[in-house]
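Please examine the model shown below. The briefing that follows treats selected residues, helix packing and overall composition in turn.

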Amino acid sequence: MAGKESARQREQAGMSDPRGILVTEMSRRGASPVLVGRAAEMAALETAFETVRQGSPAALLIGGEAGVGKTRLIAEFAVRARSAGARVLTGGCLELGADGLPYGPFTAMLRDLVREIGADEIVGMLPGSSRATRELARLLPELAGSAPDGLADADGALARVATAGEERARLFEEFLTLLERLAAQRPLVLVVEDAHWADRSSRDLIAFLIGYQRSLHNVLIAVTFRSDELHRTHPLRALLAELARIDWVERTELPRLSRGQAEELAAAVIGHPADRGLTDELYERAEGNPLFTEELLACPDGCAGIPDSLADLLQQAVRRLPEDTQEVLRVASAGSGSIGHALLAKVAGHSEEELIAVIRPAVTANVLVTTADGYAFRHALIREAVHEDLLPGEHSQVHTRFALAIDADPALVSGGRADIERAHHWYSAHNTSAALASAWQASAQACRAGAHAERLMLLARVLELWDQVPDAAELIGADHVRVLEEAIATARDLGEDQRGLALAESALAELDEAADPVRTALLLRQRHAFHRHLGGRRQDMADLHRALRLVPETVSRQARTQLLLAAAHCGYDREGPEFRGWAEEALRLAREDGDPEAEAQALANLSMIEAGPGALAAAGSEPLRLIAEAKAIAERGGTYDPIRRLVIFESHLLCGAGEYERAAAVARAGSTEAERHGLARTAGAFLAINEAEPLLYLGRWDEALDVADRALDLAPPPLTRAGLWIISGLIALERGDLAGAARRVAAARTVLAGTGYDDQYHLPFALLEVQLSLAADGPDAAVAMATDALNRYDVARSSARYVWPLLVHAAAAAREASGDEAAALLDRLRTLAEKLDVFGPVQRAWQVSYAAIDPPPAAGDHGLSDADAAVAAWEALQQPHPAAVALAHAAQVALAGATGATGASGPAGRAEAAARLRRATSIADRLGATPLSEHIAGLARRAGDSDDDSAARTAAERLGLTGREFEVLRLVAAGQSNRDIAATLFISPKTASVHVSNILGKLGTATRTEAAAKAHALHLLDGT
Ligand SMILES: Nc1ncnc2c1ncn2[C@@H]1O[C@H](COP(=O)(O)OP(=O)(O)O)[C@@H](O)[C@H]1O
Ligand SMILES: [Mg+2]
């Protein structure tokens, strides 16, 4: 630690001193002291700033050609924002050939922030222990704070098992949390400059921050870029297009100055109005580009002998400087962004003291500006112009000098950029051996920084240079296949399946499976995984079979364990005895080798295989026992990843079995734990789906909404959001908020359209769509929607768990509709329902509901008893809403019997209907299911129930009984116990007993029997 501090002190001592001298002397040659024009753009920035201060999101994308004034506009705005109390963090993207610095602009912001408030304060803003800063410390090692080794080792077990995607999620999450905390103090303006040079990781983070800005209050985001550099395949284009679809994002293009404005600029620069001849010439030459206008004005001879090209123009200012200063500038032009004083001295071959004297004229002439850690060219175009001035030989030479200087002393480059800068300089120096070796080394650093895209790019460079370097393998201590293997793993982390597949194919082609069975087998496993991602879930197992044959236990126990786990995992969505065999073998090996993570995973596999195709498990069952065992083992072994997965399984299996309370509790606890591990937005939000879903079924809609909304506020990944929107959409719909439901449907549709079919998302979504179109546009529309869903999705091969609800609701819609399409749909549904699996009580309840809605024509008339069977099934599951729907349906059946020829006779049928409707009303009212309540009220009028009932209700009201107490009294009179009442009304037995004692009090009776007798005597129960 002491070593680290002194290095930093040395670095600062070496730089701040000379810069201090230069800064005080700096006179800004040739720049306008006032901002010319730009009123509209400034107003747009200020409006956006006001918007975020009012609590809404706002982001601005500002394009424009080089030198048009993007940086100046932002800088002027920053001054105003700061004086209005805001903090402004700016980060620029640098042109570094093909290797963008991962997270470059964000690293720069963090570095400034550390300078402003100190690393400790930043660390203090992040929740939790030292672990919390681990991800941000990937960007800026200073943030590892007092525990520099913690970067690699703190919570090492967690780091090992977390997937790359999770690491990135955590990094993004930490960054977002930091911004939230900063913005809680005062408004925050985040500026990313020159995004056309942004590396992919930075682009992803920009998209993340802007996309989820709704959860980021009080933060304005501005992004600038050179619009003239965006050729057709430029990677920024896709990002801009994506961002443009977001409501709160505004894109503006900064135009050149008008003729009048250019004159104004000229006057401001030279201190008095320019004469006509000069302004004409200026405008003709610079065409309103402020940078060129300034440069032209800086020509000492008043613009006579104007150079031919703009590059020449920009070089002019440099050529007027002393020769040794020019030499340093040429050297500096090969560096990137801001260059430290000591590094520049070293590369330019001066002592640090000498450099001050040599560089001063460049700063005075405003060719270079001083930055927090050194010098930068005033404008990137000036750097480019100077760089073009280098002769080809000089070019490689200067890059070589940079590379050698950094090789000798990596501390000359701050903030963990040494490896990537070396790689850049060696590559630009055309030194193939050193370029290959340094790219390999930088790829390891990129891996630590969580910059997978950059890592893949560097590995691709190693592969590209391989044939030009005779002893490449010895040089880096790894063979060609090893590099391929690293690239394959990185492609997998990035989700680049197609590329990964191609890399895996070439690695397999190079390997001799007899000589290298383990590597071959592991590559086969990767190839299987790529195929699986590309080709959907059910992929052929040939690669894994071959891999397992290649690696018996005697060859490598560890590799075999991994292969077995991968193979057993495929047993989740298909059946076969071999899956269990593989899981059991993996379990045995893991136990013998004392590997808790593998052991927990093997048990997890076994539990899913044990649960079988129904994917459900009741409390006390074998799958849940296996899960509990696996959790205990993972906990003892201190490994979180299996726990995360186990909790997801457990809540999923319980929910499938209808054990909703438990399912919700398990998911709840799992979210809390995910949060502790810094995975609130990913695993935590995913578990919110598993918590909200059972709450939805239990009729605890407000709680379900609360869980879903809180998770959505965390801005989770798209598919998770879709899952949450589906749940809250269903509740909105049942409560009659059609607009709210439609909004969620639209949002979820966009996400799901972009992903492959997955029954657990697409079928519930289809269900929601069908119900929404029924409510909004009527039965014919719902029939069309359902037909469309059946055509689109492979329903026959989907899990029965998700198919049943869709069948039942589609059938209900088809029954309400008339016409050929409805009849055809019903036929299809019936065929599907006959063949569909039925696992466990929930699926049974759906099956019974289906039979009640669409009884087989030949089955004779069981109308009312079928309908009542559905009611009973839902009541047994404690699912109030479908129970109320089933009650309403039963009432309808009873009424049909009352008017028709079959079933219960007239008055008896009406009484049957009325009794069911009363129960249904009380449930629907309690849920706030307004459309259902209205539907029931309509039926009740038909049942003629309302008159009798209202007379009785009035009598009850006179006694001071509430509506709910009146309901309870009827049930007491019917001889129900507190437990029965609780079950019927979906309240707790305790609440039921409170109602009963209130009733006894109000009626002045001592026992339930007395109360029932008195109720009869007072005609309270007439019409029942
Ligand atoms: N509206 C303006 N008023 C005065 N000077 C300007 C204006 N726009 C740009 N400049 C000057 O022109 C030069 C180039 O502008 P800059 O903001 O760096 O361009 P960009 O970031 O778009 O490449 C700078 O010296 C800047 O101060
Ligand atoms: Mg700029």
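**Loop residues and overall composition**

Ala-615 lies in the loop between α31 (596–611) and α32 (622–637); helices (H or I, at least four residues) and strands (E, at least two) are DSSP runs, numbered from the N terminus. The model is predicted: local features need pLDDT of at least 70, side-chain atom pairs count only at pLDDT 80 or more, and totals for chains, interfaces and linings use all residues. Residues are numbered from 1 along each chain as its sequence is written, chains are lettered from A and ligands numbered from 1 in the order in which they are written, and side-chain values use heavy atoms, with hydrogens and water left out.

**Overall composition**

- The protein chain has 52 helices and seven strands.
- Buried residues make up 55% of the 1024 residues in the protein chain; buried means under 20% relative accessible area, exposed over 50%, and partly exposed in between (1.4 Å probe, protein chains only).
- Among contacts in the protein chain with a separation of 6 or more, 70% are accounted for by residues 24 or more positions apart, where contact means heavy atoms within 4.5 Å.

**Residues in loops**

- Ala-615 has a phi near 50 degrees, a positive value in a residue other than glycine.
- Ala-615 counts as buried because its relative accessibility is 17%.
- Gln-878 is found in the loop between α44 (863–876) and α45 (880–899), and its phi is near 60 degrees, again a positive value in a residue other than glycine.
- Gln-878 counts as partly exposed, since its relative accessibility is 40%.
- Asp-275 lies in the loop between α12 (259–270) and α13 (276–286) and is exposed, with a relative accessible area of 52%.
- A polar atom of the Asp-275 side chain lies 3.1 Å from the backbone nitrogen of Gly-277, and a polar atom of that side chain lies 3.0 Å from the backbone nitrogen of Leu-278. A polar contact is a pair of N or O atoms within 3.5 Å; within protein, one must be able to donate a hydrogen and the other to accept it, and residues adjacent in sequence count only if both atoms are side-chain atoms.
- Asp-275 and Glu-263 are twelve residues apart in sequence, and their C-alpha atoms are 9.5 Å apart in space.

**Buried positions in helices**

- Ser-651 lies in helix α33 (residues 641–656) and counts as buried, at 1% relative accessibility.
- A polar atom of the Ser-651 side chain lies 3.0 Å from the backbone oxygen of Val-647.
- When neighbours within four places in sequence are left aside, Ser-651 is in contact with Ala-663, Val-666, Ala-667, Leu-687 and Asn-690.
- Helix α15 (residues 310–319) has Leu-313, Leu-314, Gln-315, Ala-317 and Val-318 as its buried residues.
- The cover over the buried residues of α15 includes α14 (290–298), α16 (323–332) and α19 (380–388).
- Thr-325 lies in helix α16 and is buried, with a relative accessible area of 1%.
- With neighbours within four places in sequence left aside, Thr-325 is in contact with Val-358, Pro-361 and Ala-362.

**Packing of α39 and α41**

- The axes of helix α39 (residues 759–777) and helix α41 (residues 800–816) come within 9 Å and cross at roughly 20 degrees. That angle makes α39 roughly parallel to α41.
- Axes are lines fitted to C-alpha atoms, for helices over the stretch in contact, and angles run from 0 to 180 degrees between N-to-C directions. Angles under 35 degrees count as roughly parallel, over 145 as roughly antiparallel, 65 to 115 as roughly perpendicular and the rest as oblique.
- The crossing of α39 and α41 is left-handed, meaning that the near helix is turned anticlockwise from the far one by less than a right angle.
- Residues of α39 in this contact include Leu-763, Leu-767, Val-770 and Leu-774, and those of α41 include Val-803, Leu-806, Ala-810 and Ala-813.
- By class, the contact of α39 with α41 has twelve nonpolar, three polar and two charged residues. Ala, Val, Leu, Ile, Met, Phe, Trp, Tyr, Cys and Pro count as nonpolar, Asp, Glu, Lys and Arg as charged, and the others, Gly among them, as polar.

**Packing of α41 and α43**

- The axes of α41 and helix α43 (residues 840–853) come within 9 Å and cross at roughly 20 degrees, and the two helices are therefore roughly parallel to each other.
- α41 passes α43 in a left-handed crossing.
- The contact includes Trp-804, Leu-807, Val-808 and Ala-811 of α41, together with Trp-846, Tyr-850 and Ile-853 of α43.
- By class, the contact of α41 with α43 has ten nonpolar, four polar and two charged residues.
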